[in-house]
Amino acid sequence: MNQQEIQNLRQDYSASTLSENSTKGDPIKQFEQWFNEALEAKLHEPNAMTLSTATVTGKPSARIVLLKGFHAGGFIFFTNYLSRKGKEIAKNPQGALTFFWGGLERQVRIEGTIEKVSKEESEKYFHSRPKGSQVGAIVSPQSQEIESRDALEQKWNQLEAEYADKEVPKPSYWGGYILNPQLVEFWQGRPSRMHDRILYKKTDKKTWKKVRLAP
């Protein structure tokens, strides 16, 4: 595909609309509605989200992670605390999440601060995972350079056998985070790039202000 063909890639959106009146007063309730509609539409991994973090000097990085829960306090995901994202969060807790549900022509953007969930919550989720994933959390020094794929698999096979008949201990360097939202934007695709964008801005601990943004 050449440059001109890439430039000509376009999609005109017309599936739905979004207004100040049609959205709920609380962005978490609005997210819950949209998330349930993404589930009902049987979209592939509707809980997949882009997590964006940055170093203390502002150098950004982004990757796809999976949402594992949400409530009034924020949006939860789990990972290795010693990974690149974990190290960035430790020094700069500002982060952002982006969901794109192409089948519904929708996007949600969330900005806020990130902190660890309790050890108890991390333990509970860790032991709810498939045993292979639990072993994998121990085996993988996430984001670090490794010798080879073979060495990684050899270690995985060794630990799988070791923990075949006993509980896998949660590593101290693995657990959950929650992003506490300060801004939440709902984007609905519309024809001729005249998209609907409704932004919620947190004004205090419990109050949200809702505004419309230009597309």
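## Pocket lining

The lining of the largest pocket splits into 8 nonpolar, 6 polar and 4 charged residues. The model is predicted. The pocket holds about 400 Å³ of space. Of its 18 lining residues, Phe 78, Thr 79, Arg 129, Gln 142 and Trp 174 are the closest to the centre.

## Annotated binding site

An unreviewed UniProt entry carries the annotation "binding site". The annotation covers Arg 10, Gln 11, Asp 12, Tyr 13, Lys 68, Tyr 125, Arg 129, Ser 133, Arg 193, Met 194 and His 195. These positions span 186 residues in sequence, and their farthest two C-alpha atoms are 43.4 Å apart, so they do not all gather at one spot. Which of them line the largest pocket? Lys 68, Tyr 125, Arg 129 and Ser 133 do.

Two residues of the annotated set, Met 194 and His 195, can be taken as a pair. Met 194 sits in the loop between strand 7 (174-188) and strand 8 (196-202). His 195 also belongs to the loop between strand 7 and strand 8. Are they buried or exposed? Met 194 has a relative accessible area of 55%, and the cut-off for exposed is over 50%, so Met 194 is exposed. His 195 has a relative accessibility of 9% and counts as buried.

Setting aside residues up to four places away in sequence, His 195 touches Tyr 13, Trp 187, Gln 188, Gly 189, Arg 190 and Pro 215. Tyr 13 is itself in the annotated set. A polar atom of the His 195 side chain lies 3.1 Å from the backbone nitrogen of Arg 190.

## Asn 80

Asn 80 belongs to strand 4 (residues 74-80). Asn 80 is buried, at 4% relative accessible area. A polar atom of its side chain is 2.7 Å from the backbone nitrogen of Leu 82.

Beyond its neighbours within four places in sequence, Asn 80 contacts Gly 86, Ser 140, Gln 142, Tyr 173 and Trp 174. Gln 142 and Trp 174 are among the lining residues closest to the pocket centre.

## Ser 61

Ser 61 is in strand 2. With a relative accessibility of 10%, Ser 61 counts as buried. What joins the side chains of Ser 61 and Glu 88? A polar contact of 2.8 Å does.

Not counting residues up to four places away in sequence, Ser 61 touches Leu 51, Ser 52, Thr 53, Arg 84 and Glu 88.

## Overall fold and domain record

The protein has 6 helices and 9 strands. Its C-alpha trace spans about 55 × 50 × 40 Å along the principal axes. Of its 215 residues, 37% count as buried. Take the contacts between residues at least 6 apart in sequence: 64% of these join residues at least 24 apart.

UniProt, in an unreviewed entry, lists residues 36-158 as "domain: Pyridoxamine 5'-phosphate oxidase N-terminal". The end C-alpha atoms of this span lie 40 Å apart. Its make-up is 33% helix and 35% strand.

Conventions:
Residues are numbered from 1 along each chain as its sequence is written. This is a predicted model: local features need pLDDT of at least 70, side-chain atom pairs count only at pLDDT 80 or more; totals for chains, interfaces and linings use all residues. Side-chain values use heavy atoms; hydrogens and water are left out. Helices (H or I, at least four residues) and strands (E, at least two) are DSSP runs, numbered from the N terminus. Buried means under 20% relative accessible area, exposed over 50%, partly exposed in between (1.4 Å probe, protein chains only). A polar contact is a pair of N or O atoms within 3.5 Å; within protein, one must be able to donate a hydrogen and the other to accept it, and residues adjacent in sequence count only if both atoms are side-chain atoms. Contact means heavy atoms within 4.5 Å. UniProt positions are given in the numbering used here, feature names are shortened, and annotations may be inferred rather than shown by experiment. On a 1 Å grid over the protein atoms alone, a cavity is a set of points where a 1.4 Å probe fits but cannot get out, and a pocket is an open set with protein on both sides within 12 Å along at least five of seven lines; lining residues have an atom within 4 Å of a point. Grid points are joined across faces, edges and corners, and a volume is the space filled by probe spheres set on the points. Ala, Val, Leu, Ile, Met, Phe, Trp, Tyr, Cys and Pro count as nonpolar, Asp, Glu, Lys and Arg as charged, and the others, Gly among them, as polar.
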